Amino acid sequence: MTSAGILDGKVALVTGGSRGIGAATALRLALEGADVAVGYAHGKEAAEEVVRAVEARGRRAVAVRADAADPAEAAGVVHAAAEALGGLDVLVNNAGVGVIGPLETLSLTEVDRVLAVNVRAVFLASQAAAALMGEGGRIITIGSCMVQRVPGPGGTLYAMSKSALTGLTKALARELGGRGITANLVHPGPIDTDMNPADGPYAAGQAALTALGRFGTAGEVASTVAHLAGATFVTGAEFAVDGGHAA
Ligand SMILES: NC(=O)c1ccc[n+]([C@@H]2O[C@H](COP(=O)([O-])OP(=O)(O)OC[C@H]3O[C@@H](n4cnc5c(N)ncnc54)[C@H](OP(=O)(O)O)[C@@H]3O)[C@@H](O)[C@H]2O)c1
């Protein structure tokens, strides 16, 4: 049994949908009625588990493998999702890597990898999605609270990569608005995932930097993504889901 949702009949692709914020987003979009392609790089079993959870909500789902660091795969995952589920209405650019460390320790290899996954892949997937989407398409990208406030040392590479998404999102909104396609950016604060566990060594300091004094959950980010997937007059906008990290 399924009930009517704001995304009934829509097809979504969530990159990095196998874990964390992406997995919660895939499930939330399914709850709102979407069929969901779950992108993953290494976590095949985890992605298939998310697929089963989406199917248990009465929606179609497929796991699609792509390494976002590879430009052909970054675009190819969009085509694979659309082919498997019959089109694409919502792209959630969620896959990302967090590399934090002192400036002098960040190697050229790391710089290239972070920019490839966090920036180039988002551009390429958005480009591929825009070519496929009809009127009313949605591109939602996951940025970071470090775009708005870098609270300490170690964030040069990660903050630089996520900051590029602001320009991309605003420019996409302008370029695609005439076709009724929106582009928006969500900035999570500290969220309890494998990337940033709430019991990790730097967790207490991060929680203290928020106004609410705690980590957020992946579901709290997913609910804002789902809202944007259904929103019709919001584009080129940035949303902090950060517990007041930027306040
Ligand atoms: N957690 C936080 O505190 C926080 C805060 C601000 C922003 N964010 C952003 O939120 C997004 C999700 O983060 P998360 O915390 O949920 O991270 P996570 O738990 O580490 O999950 C990362 C996801 O991205 C996928 N991924 C990683 N490298 C990939 C690659 N090269 N190609 C394709 N997929 C790849 C992973 O797939 P596999 O498992 O298959 O490798 C996984 O599904 C990221 O963009 C991150 O920068 C997170």
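**Briefing on a predicted protein model**

From the N terminus on, the elements of the protein run β-α-β-α-β-α-β-α-β-α-β-α-α-β. In total there are seven helices and seven strands, where helices (H or I, at least four residues) and strands (E, at least two) are DSSP runs numbered from the N terminus. This is a predicted model, in which local features need pLDDT of at least 70, side-chain atom pairs count only at pLDDT 80 or more, and totals for chains, interfaces and linings use all residues. Residues are numbered from 1 along each chain as its sequence is written.

**Overall shape**

- The C-alpha trace of the protein spans about 50 × 35 × 35 Å along its principal axes.
- A compact globule of 247 residues would have a radius of gyration near 18 Å, and the 17 Å of the protein agrees with this. The radius is taken over C-alpha atoms, and the globule rule is 2.2 Å times the number of residues to the power 0.38.

**Burial and contacts**

- Buried residues make up 48% of the 247 residues; a residue is buried if 20 or more other C-beta atoms, placed from the backbone, lie within 10 Å of its own.
- Among contacts between residues at least 6 apart in sequence, 73% join residues at least 24 apart. A contact requires C-beta atoms, placed from the backbone, within 7 Å.

**Helix α1**

- The 12 residues of α1 (residues 20-31) should span 16 Å at 1.5 Å a residue, and the end C-alpha atoms are 17 Å apart, which agrees. The expected span is 1.5 Å times one less than the number of residues.
- Helix α1 is mostly covered, with 11 of its 12 residues buried, including G20, I21 and R28.
- Just after α1, G33 takes a positive phi of about 115°.

Key
Two residues are in contact if their C-beta atoms, placed from the backbone, lie within 7 Å.
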